[in-house]
Amino acid sequence: MIRNIRWAFIVILLFWGVRVFSQSVTVDAKIDSLQILIGEQARIRLQVSFNAKQKAIFPIYTDTLIKGVDIVEIAKPDTQYLNNKERLLITQEYIITSFDSALYYIPPFCITVDNKIYKSKALALKVYSVPVDTLNPDHFFGPKTVFKAPFEWEDWWNMIIASLLLFPCLALLIYLIIRLSDNKPIIRKIKLEPKLPPHEIAMNEIEKIKGDKKLQLGRLKDYYTDLTDAVRNYIKNRFGFNALEMTSSEIINQLMEVTDKANDISELKVLFQTADLVKFAKHNPDVNENDANLINAIQFINETKETIDDNSIIQQTEITVVEKRSLKVKVALIFSIITLSVIISFVLIFIVRELYALLA
């Protein structure tokens, strides 16, 4: 019975000790080197362990830890979770240096956890000066010769690229200035081709209609539309009235007044009637009827075409047109010159600065 009570008491003590330990705050500070030379650096590591639910505030330093000891860098705090995220371990590092030889006492770091201050242990830092042999100044460090810096292409690439950009811009700027100053007119040559007579234009269109495959594809409506349009254009150019805006009957009546080719007009009437039936009544003519309508169109054009004297054919000529340079072109030239001048100025300034940096 007594033994069981003893064991229960020990377990309670262990549980209480673990709980107390889990809720305690520990602050530890270490320095990686106790002795340094003037100008060398040492690293202080400050570690704080506390409950994850608590809030810790670290001391704030600017550029001096204590008088005579300067802070070179303050690293970003490193946070780690322990015991299933019940505790936090925060590590803060300080890189310090000193330029005065002395033994420095670094006081404890004060950490505030839930409005309660916890301190680390104090540290010490011994800073030694570099011994100098004034009697033999050349014994260790003699005078050094002047070394010529090696040539590195990397130092010249930017200037080379800028130079390659500079020369085309200069050439283009000179060209634009010359163009603006000479103010020469724009000279263009226009080739005049003779106008074909109406029957040749119509026959060319009919040859294109014969060459396509609209009949073979069953596109009768498109075929007859193209054929009648070619004939209507011929009538307009040959007889002078707008056959494109007239109905088939109106065209036939007008032709009866201006020409005596009654037989050809009657055959043309058959063509127009067939075309109207195909386009508006979905008529499906056979192959012979299609061929007959094409022949009627060709025969009408050949019988009513205008006779042209070979001597009156206009030969192909070429004329020269002189135009003054427009204000819009001048403004574009001036704007281009100003833009190029600005670009060249920036490139020159860049090249001069690069040369100065390399040769200084």
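Buried means under 20% relative accessible area, exposed over 50%, and partly exposed in between, with a 1.4 Å probe and protein chains only. The model shown is predicted: local features need pLDDT of at least 70, side-chain atom pairs count only at pLDDT 80 or more, and totals for chains, interfaces and linings use all residues. Residues are numbered from 1 along each chain as its sequence is written, and side-chain values use heavy atoms, with hydrogens and water left out.

**View 1. Asparagine 115 in its loop.** Asparagine 115 lies in the loop between β10 (110–113) and β11 (116–119). Strands here are DSSP runs of E with at least two residues, helices are runs of H or I with at least four, and both are numbered from the N terminus. Asparagine 115 counts as exposed because its relative accessibility is 78%. Its phi is positive, about 65 degrees, although asparagine 115 is not a glycine.

**View 2. Lysine 85 in its loop.** Lysine 85 sits in the loop between β7 (78–82) and β8 (87–97). Lysine 85 is not a glycine, yet it has a positive phi of about 65 degrees. With 62% relative accessibility, lysine 85 counts as exposed.

**View 3. The open sheet β4-β10-β11.** Three strands form this open sheet, in the order β4-β10-β11 and with antiparallel pairing. Two strands pair if DSSP finds at least two bridges between them. β4 (56–57) and β11 stand at the edges with a single partner strand each, so one side of each is left without a neighbour in the sheet. Two bridges join β4 to β10, and these strands run antiparallel. Alanine 56 stands opposite valine 113 in β10.

**View 4. The open sheet β2-β12-β9.** This open sheet has three strands in the order β2-β12-β9, with mixed pairing. β2 (35–37) and β9 (102–106) are the edge strands, and each pairs on one side only. On average, neighbouring strands of this sheet are turned by 25 degrees against each other, direction ignored. β9 and β12 (residues 123–128) run antiparallel and are joined by five bridges. Tyrosine 105 has alanine 124 of β12 as its bridge partner.

**View 5. The largest nonpolar core.** A nonpolar core is a set of buried Ala, Val, Leu, Ile, Met, Phe, Trp, Tyr and Cys residues joined through side-chain atoms within 4.5 Å. The largest one has 30 residues. Those with the most contacts inside it are Ile206, Leu227, Val231, Ile235, Leu255, Leu268 and Phe300. At least two residues of this core come from each of α3 (198–211), α4 (220–239), α5 (248–258), α6 (262–281) and α7 (287–304). α4 gives the most, with nine residues. Leucine 268 is in contact (heavy atoms within 4.5 Å) with Val231, Ile235, Ile252, Leu255 and Phe300, leaving aside its neighbours within four places in sequence. A second, separate core has 27 residues, among them Ile31, Ile66, Ile96 and Leu123. In soluble globular proteins, nonpolar side chains tend to be buried together.

**View 6. Helix α3 against helix α7.** α3 and α7 pack at an angle of about 165 degrees, and their axes are 10 Å apart. This makes α3 roughly antiparallel to α7. Angles over 145 degrees count as roughly antiparallel, under 35 as roughly parallel, 65 to 115 as roughly perpendicular and the rest as oblique. Axes are lines fitted to C-alpha atoms, for helices over the stretch in contact, and angles run from 0 to 180 degrees between N-to-C directions. The crossing of α3 and α7 is left-handed; that is, the near helix is turned anticlockwise from the far one by less than a right angle, whereas clockwise is right-handed. α3 makes the contact with His199, Ala202, Met203, Ile206 and Lys210, and α7 with Leu294, Ile298, Ile301 and Asn302.

**View 7. Helix α4 against helix α5, with serine 248.** α4 and α5 pack at an angle of about 30 degrees, with axes 12 Å apart. Their crossing is left-handed. From α4, Arg232, Ile235 and Phe239 meet Ser248, Ile251, Leu255 and Val258 in α5. Serine 248 belongs to helix α5. Serine 248 is buried, with a relative accessible area of 11%. Not counting residues up to four places away in sequence, serine 248 touches Arg232, Phe272 and Asp276.

**View 8. Serine 341 and leucine 170.** Serine 341 is found in helix α8 (residues 327–359). Its relative accessibility is 28%, so serine 341 counts as partly exposed. Serine 341 and leucine 170 are 171 residues apart in sequence. In space they are 8.5 Å apart, C-alpha to C-alpha.
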